[in-house]
Amino acid sequence: MREKSRYLLALYTSPRRRGNTSLLLDSASEGALEANIDVVSFHTARMDIRPCRACESCSRDGECIQKDDMQEIYPHLLQAGAVALAAPIFSMNICAQAKALIDRCQRFWAMRYVLGREPVEAELAAERRGLFISCCGRNAPETFECTRPTLAYFFHIIGIKNWVSQTYAGVDKAGEIRGVAGALSTAREWGESLGIWASKA
Ligand SMILES: Cc1cc2nc3c(=O)[nH]c(=O)nc-3n(C[C@H](O)[C@H](O)[C@H](O)COP(=O)(O)O)c2cc1C
């Protein structure tokens, strides 16, 4: 892993700042920091990230025509050694804030499938890691099934083959995740596992 990529991109998408998915992502980030891996975080619900307009401008040059806060995140999506996306379930799927961010990755799809350019260099893609964190209020773990194709698409389009999910059902009120045995420590362990880059330095 090249030095410039040895960091975790932490994408918080819930509008609840101290909510369940945020606490899990905090734990993953703490684990990374503990292992001497830097973390770059974005709270996307507080940013100006508009939905894709399907204007197809990205099919011409691979760029997104919308000059909003997504422009700040784009370089990290291609450069970070690890990307963790935390998104609660709203109305049986990931929240709209997370979906908007993923839809705005259409420019990477266009780069690869229209313009024939790989958005991420092969050497980095082979080493990158991904984490999807989610919680839902109803005690129905099958709720997360419909998130899988979307997340598989997201990680595929940003060149991450090695990704895992940490999902918890029956977690509703902000902070309830603290009462789920092993949840925060599992997230923390994932962050700590990124320390492998530091040991390879
Ligand atoms: C608009 C909205 C829609 C929701 N829809 C669902 C749902 O379809 N199924 C479910 O189990 N929980 C649903 N929930 C509950 C959240 O998934 C749950 O509170 C979760 O812990 C929120 O995570 P957060 O604290 O990270 O925001 C919904 C909550 C909101 C605010």
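Biologist: In what order do the five strands of the open sheet lie, and with what pairing?

Modeller: This is a predicted model. Its open sheet of five strands runs β2-β1-β3-β6-β7, with parallel pairing. Two of these strands, β2 and β7 (162-169), are the edges: each pairs on one side only. Neighbouring strands are turned by 15° against each other on average, with direction ignored.

Biologist: How many bridges join β3 to β6?

Modeller: Five bridges join β3 (residues 82-86) to β6 (residues 129-136), and the two run parallel.

Biologist: Which strands does helix α1 lie across, and at what angle to β6?

Modeller: Helix α1 covers residues 20-34. It lies across β1 (7-12), β2, β3, β6 and β7. Its angle to β6 is about 150°.

Biologist: How many helices and strands does the protein have?

Modeller: There are nine helices and seven strands.

Biologist: What radius of gyration would a compact globule have with 201 residues, and what does the protein have?

Modeller: A compact globule with 201 residues would have a radius of gyration near 17 Å. The protein has 16 Å, which agrees. Along the principal axes, the C-alpha atoms fill a box of roughly 50 × 40 × 25 Å. Buried residues make up 41% of the 201.

Biologist: What share of the contacts comes from residues 24 or more positions apart?

Modeller: Take the contacts with a separation of 6 or more. Residues 24 or more positions apart account for 82% of them.

Biologist: Which residues other than glycine have a positive phi?

Modeller: First the rule. Most residues other than glycine have a negative phi. Two cases here go the other way. A54 has a positive phi of about 55°, and phi of M92 is near 70°.

Biologist: Where is A54 in the chain, and is it buried or exposed?

Modeller: A54 lies in the loop between β2 (38-43) and α2 (58-61). It is exposed, because it has 9 other C-beta atoms within 10 Å, and the cut-off for exposed is 12 or fewer.

Biologist: Where is M92, and is it buried or exposed?

Modeller: M92 is in the loop between β4 (89-90) and β5 (93-94). With 11 C-beta neighbours inside 10 Å, M92 counts as exposed.

Biologist: How many residues surround the ligand, and which are the closest?

Modeller: 19 residues surround the ligand. The closest are G19, T21, P88, C136 and R138. The elements that give two or more residues to this shell are α1, β4 and β6.

Biologist: Which element gives the most to the shell?

Modeller: Helix α1 gives the most, with three residues. It is also the helix that lies across the five strands β1, β2, β3, β6 and β7.

Key: Residues are numbered from 1 along each chain as its sequence is written. This is a predicted model: local features need pLDDT of at least 70, side-chain atom pairs count only at pLDDT 80 or more; totals for chains, interfaces and linings use all residues. Helices (H or I, at least four residues) and strands (E, at least two) are DSSP runs, numbered from the N terminus. A residue is buried if 20 or more other C-beta atoms lie within 10 Å of its own, exposed if 12 or fewer, and partly exposed in between; C-beta atoms are placed from the backbone. The radius of gyration is taken over C-alpha atoms; the globule rule is 2.2 Å times the number of residues to the power 0.38. Two residues are in contact if their C-beta atoms, placed from the backbone, lie within 7 Å. Two strands pair if DSSP finds at least two bridges between them. Axes are lines fitted to C-alpha atoms, for helices over the stretch in contact, and angles run from 0 to 180 degrees between N-to-C directions. A residue is near a molecule or strand if its C-beta atom, placed from the backbone, lies within 6 Å of it.
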